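Here is my note on the model you sent. Please read it with the structure open.

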Amino acid sequence: MSNSFYDKILSYKKKQEEKNPMDLEEFYGNTIIEPFRIRSVEPIRFTTMAERTELLKQAGYNPFLLKAEDVLIDLLTDSGTGAMSSAQWSAMIASDESYAGASSFYKFESAVRDITGFKHVIPTHQGRAAENILFTTIAKKGDVIPNNTHFDTTRAHVEHNEAEALDLVIEEGKEPQKIHPFKGNMDIEKLEETIEKRGVENIPAIMITATNNSGGGQPVSMKNIRQVSKVARKHGIPFFIDACRFAENSWFIKTREEGYENKTPKEIAKEMFKYADGCTMSAKKDGMSNIGGFLAMNDDELAKKCRSLTTLTEGFPTYGGMAGYDMEAVAIGLYEALDEGYLRYRIRSTAYLGEKLAFAGISIVQPVGGHAVYIDAKKMLPQIPPLEYPAWSLANALYLIGGIRSVEIGSVMFGLQPDGTEKPAPMELVRLAIPRRVYTQSHVDYLAEAVIETYHQREKLKGYKVVSEPTVLRHFSAKLEPLE
Ligand code: F0G
């Protein structure tokens with residue numbers, strides 16, 4: 001009787017026996033785990049609130065002036081604070097420290113060329129050194145450099161050469177709550193208008209910062225990069241990418257832009273760079289290194305000028321301010337930053353923190369960017385007026401309550417005008433920047449709990465006043481006091 005219950009069981013059993021392990025279904029799970037295991041650990045120090053109260057007071061209520069050992073979770077920056085891999089460390093041991101023509105340089109050059117496609121690769125000690133060399137060489141008084149949003153150091157170097165740093169990010173990029181997949185895009189119409197108004201001869205370069213750090217770590221789409229490139233090429237203006245977080249930008253293109261879902265992050269990065277004439281890079285971010293950077297370009301004449309200045313300010317052009325072992329670390333780090341498993345974990349873990357905070361009712365810049373979560377302190381602390389520094393107050397409370405160090409991006413950072421007066425900054429944000437491969441999911445869970453606890457105590461928070469400050473970049477060293 002072929003249809004009997006007994007036959008069914010027999011045939012099922014037979015099938016089970018025939019099944020080889022290869023027939024098992026793939027398991028992914030819901031948790032995106034850290035794609036590494038930890039072999040070397042660095043203890044972090046727990047302090048009491050009483051200790052932190054005293055330490056913060058001694059630091060003039062300025063988290064920049066705290067000792068790192070007094071911080072439990074340090075989210076001041078994602079720059080140079082990442083963990084290197086065993087592959088990087090082992091390559092560093094075997095580095096070539098020759099002054100000229102070291103093999104470590106050629107490995108570095110070949111990795112940068114492979115990913116960016118640029119002909120000339122000039123090493124520098126970090127990103128701002130590449131900016132200094134580029135803008136000293138190309139910019140002069142009366143020039144204008146359009147960018148989606150200049151990062152502080154980029155702006156400073158443009159202005160140091162008496163040129164104007166013009167931010168042309170799309171309107172959506174200026175609204176913290178607005179959801180848009182590519183809030184780092186440049187406004188193409190405004191770019192065309194600028195070129196018409198200011199004249200091609202006064203625009204030595206157009207720049208795109210990917211991802212847009214000052215705008216919340218927001219990505220730029222491939223379409224936008226292509227459009228900027230088209231405009232630049234039509235007018236014969238060089239187009240440079242500030243590529244600090246190029247790998248994170250590639251991941252956003254892969255996951256958000258039609259037509260890129262089946263491309264690898266490396267293919268996407270290569271395409272991004274293909275539309276540009278050069279780039280500046282801080283290897284302290286997506287170079288997965290603790291120090292280093294580069295300036296790269298195709299133009300032979302420009303490269304010649306930039307190399308001369310490199311020799312003057314950084315070092316011989318085959319090390320440019322980096323040790324051979326730094327170049328080894330970057331040569332490997334650039335590829336590790338493009339690894340799909342890493343990028344999936346990286347972008348997801350930042351979003352995970354953002355989602356926890358948003359779920360608890362905290363206003364953050366949406367959607368969450370690649371390297372950081374930005375809290376809207378103006379929304380959280382309406383009782384503190386901008387010139388009593390709500391974001392500063394929140395950053396200090398995060399330290400007192402959770403031992404967390406973050407950074408204010410608000411009126412202490414931007415409010416002081418060159419004539420000595422004060423003006424509120426457009427936004428009062430606290431940035432929680434996530435170092436690469438450093439903290440685990442339980443650190444992030446703790447972080448979220450501490451931020452949410454601070455949110456619950458928000459009505460108790462008070463404003464601050466500045467008691468001493470330098471004339472420029474005051475946030476780094478100003479001393480403050482809480483208001484009664
Ligand atoms: N461009 C961008 C977009 C950056 O975020 C940074 C640094 C630089 C250039 C300068 O690079 O530090 O190597 O000289 N950003 C760090 C931060 C400092 O905390 O966001 P650098």
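1. Ligand, nitrogen side. A nitrogen atom of the ligand sits 2.7 Å from an N or O atom in the side chain of Asp-242. For Lys-285, the distance from a side-chain N or O atom to a nitrogen atom of the ligand is 3.0 Å. A polar contact here is a pair of N or O atoms within 3.5 Å; within protein, one must be able to donate a hydrogen and the other to accept it, and residues adjacent in sequence count only if both atoms are side-chain atoms.

2. Ligand, oxygen side and surroundings. Thr-77 places a polar side-chain atom 2.7 Å from an oxygen atom of the ligand. In total, 17 residues surround the ligand, where a residue is near a molecule or strand if one of its heavy atoms lies within 4 Å of it. The closest are Thr-77, Arg-128, Asp-242, Ser-282 and Lys-285.

3. Basis. This is a predicted model, in which local features need pLDDT of at least 70 and side-chain atom pairs count only at pLDDT 80 or more, while totals for chains, interfaces and linings use all residues. Residues are numbered from 1 along each chain as its sequence is written, and side-chain values use heavy atoms, with hydrogens and water left out.

4. Domains. Domain 1 covers 31–78 + 339–482, and domain 2 covers 86–336. These bounds come from an automatic or database domain assignment. The C-alpha centres of the two domains lie 27 Å apart. The contact (heavy atoms within 4.5 Å) takes 26 residues from domain 1 and 30 residues from domain 2.

5. Buried area. How much area do domain 1 and domain 2 bury between them? About 2,300 Å², with 54% of it on carbon and sulfur atoms. Buried area is the accessible area (1.4 Å probe) that two parts lose on being put together, summed over both. In domain 1, Leu-343, Pro-367 and Arg-436 lose the most area to domain 2. Together they make up 23% of what that side buries.

6. Six salt bridges run between domain 1 and domain 2. A salt bridge is a side-chain nitrogen of Lys or Arg within 4 Å of a carboxyl oxygen of Asp or Glu. Look also at Glu-248 and Arg-436, whose side chains meet in a salt bridge (3.1 Å, N to O).

7. The domain 1 face. Both α13 (340–359) and β9 (372–376) supply at least two residues each to the side that touches domain 2. The most comes from α13, with six residues. Helices (H or I, at least four residues) and strands (E, at least two) are DSSP runs, numbered from the N terminus.

8. A salt bridge to inspect. The whole structure holds 31 salt bridges. One joins the side chains of Asp-277 and Arg-233 (3.5 Å, N to O). Asp-277 lies in the loop between α10 (265–274) and β7 (278–282) and Arg-233 in helix α8 (residues 222–235), so the pair ties together parts 44 residues apart in sequence.

9. Backbone points to check. Ala-210 and Thr-211 are joined by a cis peptide bond, with omega about -10°. Thr-211 is in the loop between β5 (206–209) and α8. Another cis peptide bond joins Gln-366 and Pro-367, with omega about -15°. Pro-367 lies in the loop between α13 and β9. Met-288 is not a glycine, yet has a positive phi of about 55°. Its place is the loop between β7 and β8 (293–297).
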